[in-house]
Amino acid sequence: MADCIFCMIANKEVPSNIVYEDDKIVCFHDLEPQAPVHVLIIPKKHIASLDDTASADAELLGYIMTKVKDIAGMLGLENGYRLVNNCGEDGMQTVKHLHFHLLGKRKLTWPPG
Ligand code: 5GP
Ligand code: ZN
């Protein structure tokens with residue numbers, strides 16, 4: 001989608017520090033890391049948010065979930081991690097392309113603000 005920064009990253013029109021990529025997803029380091037490891041996992045397909053998913057996206061969403069442990073393993077998060085999705089205005093979503101934050105390598109506090 002035009003004017004979507006994460007589509008541009010997926011299409012290599014904008015540089016990013018990619019840690020994993022396949023035909024369905026891209027995972028890259030967040031520009032402003034909130035933990036020693038902070039990457040974003042996105043589908044290559046433009047979906048605006050979790051709220052904009054359809055039943056046809058179930059396979060893709062399931063695929064992302066099963067890839068999390070592989071990416072966590074690649075990044076050395078053997079002691080645990082947190083997967084976060086910010087959705088919509090109250091969720092403080094700033095980039096309107098579905099993404100999951102994967103954070104780790106520090107003791108994360110709860111609850112989030
Ligand atoms: P949100 O607040 O929408 O859940 O998270 C968006 C995330 O994308 C933020 O953590 C922000 O630092 C990150 N981000 C925004 N623009 C870019 C970019 O151009 N490159 C990278 N690598 N991360 C970005
Ligand atoms: Zn997009």
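**Reading the model step by step**

Mentor: Let's begin with Pro 111, which sits in the segment after strand E5 (100-104). Strands (E, at least two residues) and helices (H or I, at least four) are DSSP runs numbered from the N terminus. Keep in mind that this is a predicted model, where local features need pLDDT of at least 70, side-chain atom pairs count only at pLDDT 80 or more, and totals for chains, interfaces and linings use all residues. Residues are numbered from 1 along each chain as its sequence is written, chains are lettered from A and ligands numbered from 1 in written order, and side-chain values use heavy atoms, leaving out hydrogens and water.

Trainee: Is the peptide bond from Trp 110 to Pro 111 cis or trans?

Mentor: Here's the general idea: most peptide bonds are trans, and most residues other than glycine have a negative phi. The bond from Trp 110 to Pro 111 is cis, with omega near 0°. Look at Asp 3 too: its phi is positive, about 65°, although it is not a glycine. You'll find Asp 3 in the segment before H1.

Trainee: In what order do the five strands of the open sheet come?

Mentor: Two strands pair if DSSP finds at least two bridges between them. In this sheet the order is E1-E2-E3-E5-E4, with antiparallel pairing. Strand E1 (18-21) and strand E4 (81-84) are the edges, each pairing on one side only. For a close-up, take E2 (residues 25-29) and E3 (residues 37-43): they run antiparallel and five bridges join them. Within that pair, Val 26 stands opposite Ile 42 of E3.

Trainee: How many residues surround ligand 1?

Mentor: A residue counts as near if one of its heavy atoms lies within 4 Å. Ligand 1 has 16 such residues, the closest being Asp 30, Asn 86, Thr 94, His 99 and His 101. Helix H1 (5-10) and E2 each supply at least two residues of that shell, and H1 gives the most, with three.

Trainee: Which residues make polar contacts with ligand 1?

Mentor: A polar contact is a pair of N or O atoms within 3.5 Å. A backbone N or O atom of His 29 lies 2.9 Å from a nitrogen of ligand 1. Thr 94 also uses a polar backbone atom, 2.7 Å from a ligand oxygen. His 101 brings a polar side-chain atom to 2.8 Å from an oxygen of ligand 1. As for cover, ligand 1 taken alone exposes 520 Å², and the protein buries 83% of that (Shrake-Rupley areas, 1.4 Å probe).

Technical notes
Polar contact = N/O pair within 3.5 Å; in protein donor to acceptor, adjacent residues only side chain to side chain.
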